[in-house]
Amino acid sequence: MLTLPKRVIAGPGADVLFHALESYISKNATPFSEMLSLRAIELIAQNLPLVYEDVTNVAAWENVTLASSLAGMAIDCAGTTLPHALQHPMGGLLDVVHAEGIAAIYKPFMEYTWPAAPEKFAAIAKAMRSIRATWARNRRQKAVWRRFINS
């Protein structure tokens with residue numbers, strides 16, 4: 001992992017976030033899967049930009065891999081939602097990279113979905129709020145997160 005190019009870090013890292021988000025808002029979510037999902041969201045939000053900036057940051061990698069494991073357990077309990085269901089055939093038929101295909105779907109999906117579960121989206125925002133606290137301490141990380149999002 002310490003030699004991965006940034007694009008390879010960004011795609012699977014974003015997919016961890018997508019897994020956590022979808023399992024949290026899934027109609028099949030349970031209190032256990034919700035707990036796993038929210039912790040995965042916090043960990044990936046805090047640590048993916050650090051890994052993206054410095055692939056040798058082992059502590060951040062540990063947290064990213066923990067987030068991946070937690071999100072994986074959450075989707076095992078609750079499943080994923082529409083973006084994954086749409087992306088799988090799109091990826092197979094159109095040769096679209098998995099995370100990039102999901103990212104293309106995510107904005108309209110979130111805009112359509114949030115009115116049905118505003119309390120869940122509020123919890124997601126709270127879980128991701130840790131990014132702002134980290135940015136306040138480290139302006140450089142804020143720039144890295146923006147580069148990551150735009151890559």
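Which residues does T113 touch, not counting residues up to four places away in sequence? T113 touches I25 and F121, where contact means heavy atoms within 4.5 Å.

This is a predicted model, in which local features need pLDDT of at least 70, side-chain atom pairs count only at pLDDT 80 or more, and totals for chains, interfaces and linings use all residues. Residues are numbered from 1 along each chain as its sequence is written, and side-chain values use heavy atoms, with hydrogens and water left out.

**Overall build**

The protein has 8 helices and 0 strands. Helices (H or I, at least four residues) and strands (E, at least two) are DSSP runs, numbered from the N terminus. Buried residues make up 44% of the 151 residues. Buried means under 20% relative accessible area, exposed over 50%, and partly exposed in between, with a 1.4 Å probe and protein chains only. Among contacts between residues at least 6 apart in sequence, 71% join residues at least 24 apart.

**T113 and helix α1**

T113 lies in helix α5, residues 98-113. T113 counts as buried because its relative accessibility is 16%. Helix α1 covers residues 6-25. Its 20 residues reach 29 Å from first C-alpha to last, close to the 28 Å expected at 1.5 Å a residue. The expected span is 1.5 Å times one less than the number of residues. In α1, 16 of the 20 residues are buried.

**Two partners of α5**

Both helix pairs are set out below. Axes are lines fitted to C-alpha atoms, for helices over the stretch in contact, and angles run from 0 to 180 degrees between N-to-C directions. A crossing is left-handed if the near helix is turned anticlockwise from the far one by less than a right angle, and right-handed if clockwise.

| Pair | Angle and axes | Crossing |
|---|---|---|
| α1 and α5 | about 35°, axes 10 Å apart | left-handed |
| α4 and α5 | roughly 135°, axes within 9 Å | right-handed |

The α1 side of its contact with α5 includes R7, D15, F18 and I25. The α5 side includes H98, E100, Y106 and T113. By class, this contact has 8 nonpolar, 3 polar and 4 charged residues. Ala, Val, Leu, Ile, Met, Phe, Trp, Tyr, Cys and Pro count as nonpolar, Asp, Glu, Lys and Arg as charged, and the others, Gly among them, as polar.

Helix α4 spans residues 82-94. In α4, L82, P83, H84, L86, Q87, H88 and M90 meet H98, G101, I102, I105, Y106 and F109 in α5. That contact divides into 8 nonpolar, 5 polar and no charged residues.
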